[in-house]
Amino acid sequence: MPNICSSISSMGVMLNLLRDRLFSLQRLREAFRFMRGNMLVLSLTQLLGNFSRAMAFPYTSLYILALGGQAEQVGFITALSPLMGLVLFPIAGHITDNAGRVRIIAFSYYLSGSFLLLFVLAPTWQWIAVAMLLRGVMALQFPARSAMIADSLTPEERGTGVATMNTIAGTLSIVAPYVAGKIVESYGPNWGVRVLYAVMLILYISSGFITQRYLQETAVNTDRRIDVAALRQSFVDAYGGLWDLLRSVPPVVLALTGVIILCFMTNGITSAFWVVYAVEKTGLSPVTWGLILLLETLARNVLFIPGGILVDRLGRAVALGTALVLALLAMPLFVLVSGFVGVLLVRLLLILAQVLLIPASIALMADTIPRRIRGRVMAATGQGGVMLGAAGGGTGGPGTGYLITIPLMLSSVAGGYLYALNPAYPWYVAAGLMLLAIGVTVGFIRDVQRAET
């Protein structure tokens, strides 16, 4: 009898535990109910894109040097990447608001993927310059993706939603830099990086197919005809009507745009030279650098969702300011530390900044821009997110705007000359830009009382 009672009691405990577990799973499922449909498709395509970029971008600077380029050429080539945005962002914003998001996203994947063939076949660094310029057609999709993300999330979900999307999208990127470092070390920066860009080409074309097949349109006006005259007029209207457009947005958007520009300039100055400094000055091997990027990507994926939840609870402005302070500390420390552990700690400090800054700035941008003009405003100012400390020679997106393009290009060129003068200069200048961004944030950026839907 005691055994029977004991068994019944044990079964009761097990049933209670099972009920609690099921309840917990139900609450978790409810908390992340937004990760379906378009958000799931966007996360998947971003997953493939992030993986390929995390493979190739960190070692592109070494590829340029292997093809005969110097530090000045590295900065010049990096500056070419956003140039297309000056022409394409206004056009993309027009299409996004007037003809739908899906078609332009899929088209940008197909076209950009085709141009990646130039990276695979390049005989000299000049070819890389042309390829970097043409790869900028990826800018076509940024306003559309930004608008679709904002359309697909409620204001209460945006911080957590953006963070969750970035967590999913960064899963494969955890191992990408280390695997790429092994390839580069085995085959050299010349042939090894060619292989990495070939992988990127395949995954971009695949992402275009997935987008075209599964992404659902969210734009209101999808039946308007888009012809050459309309696109030309959209370019004229974008720049001619820029002043009126900026006057129609709240002041906090203008202040946030200033902070975003400063953050992108920081990336422009430093991004192409993280790996160069780590290999040439700190003495790390490509594989060791890849291991650091692996560990920081793992940390970013673990911390993105908690960071997004913190953004929703503490507020966008507080989270943004905290992220900028962390970045201010990290920039000069990179050239002062030595060895694997020191570099890793600096990079982890930047990860803490990223997991707060990206959801905070994207959510604040979505909170303050009316749906009817999101495409055009985000074409000008970008999505809002900035991956501070981007180490792959890219811009540190997830999306720029045509107002950001010129400052980003100038800072990228300046980064090459600064590195040639003194390898530590880019990070000291970056710290100064972060200090200025903190001042703008404290002085002008506040959370909105009523968020846009």
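Why does F334 count as buried? At 0% relative accessibility, F334 falls in that class, because buried means under 20% relative accessible area, with exposed over 50% and partly exposed in between, for a 1.4 Å probe and protein chains only.

Some ground rules. This is a predicted model, where local features need pLDDT of at least 70, side-chain atom pairs count only at pLDDT 80 or more, and totals for chains, interfaces and linings use all residues. Residues are numbered from 1 along each chain as its sequence is written, and side-chain values use heavy atoms, leaving out hydrogens and water.

Now the overall picture. The protein has 21 helices and 0 strands. Helices here are DSSP runs of H or I, at least four residues, and strands are runs of E, at least two, numbered from the N terminus. Of the 453 residues, 58% are buried. The accessible surface is about 18,600 Å², and 67% of that belongs to carbon and sulfur atoms. Those areas come from the Shrake-Rupley method with a 1.4 Å probe; for residues, only the protein chains shown count as cover. Next, contacts, meaning heavy atoms within 4.5 Å. Take those between residues at least 6 apart in sequence: 86% join residues at least 24 apart.

Back to F334 and its surroundings. W274, Y277, F334 and W427 form one aromatic cluster. The structure holds 8 aromatic pairs. To pair, rings of Phe, Tyr and Trp (its six-membered ring) need centres within 6.5 Å; planes under 30 degrees apart are stacked, over 60 edge-to-face, the rest tilted.

One of these pairs is Y109 with Y204: edge-to-face, 5.8 Å centre to centre, with 85° between the planes. That pair links distant parts of the chain, since Y109 is in helix α6 (residues 102-115) and Y204 is in helix α11 (residues 176-214), 95 residues apart. Both Y109 and Y204 are buried.

Another pair is Y277 with F334. Their ring centres are 5.4 Å apart and their planes sit at 50°, so this pair is tilted. Again, distant parts are linked: Y277 belongs to helix α15 (residues 274-280), F334 to helix α17, and 57 residues separate them. Y277 is buried too, at 11% relative accessibility.

W274 also has a charge over its ring. R347 lies over the face of W274, 4.5 Å from the ring centre. The test is NZ of Lys or CZ of Arg within 6 Å of the ring centre and within 35 degrees of the ring normal. R194 lies over W191 in this way, at 4.9 Å.

Next, V335. Where is V335 placed? In the loop between α17 (316-334) and α18 (339-368). V335 counts as buried, at 13% relative accessibility. Beyond its neighbours within four places in sequence, V335 contacts Y277, A424, W427 and Y428. V335 and Y428 are 93 residues apart in sequence, yet 8.8 Å apart in space, C-alpha to C-alpha.

On to R145, in helix α9 (residues 142-152). Is R145 buried or exposed? Buried, with a relative accessible area of 6%. Its side chain makes polar contacts with the side chains of T45 (3.5 Å) and Q46 (3.1 Å). A polar contact is a pair of N or O atoms within 3.5 Å; within protein, one must be able to donate a hydrogen and the other to accept it, and residues adjacent in sequence count only if both atoms are side-chain atoms. Outside four places in sequence, R145 touches residues including L42, I105 and Y109.

Last, S52, in helix α2 (residues 38-56). S52 is buried, at 0% relative accessibility. Leaving aside neighbours within four places in sequence, S52 contacts M200, L203 and Y204.
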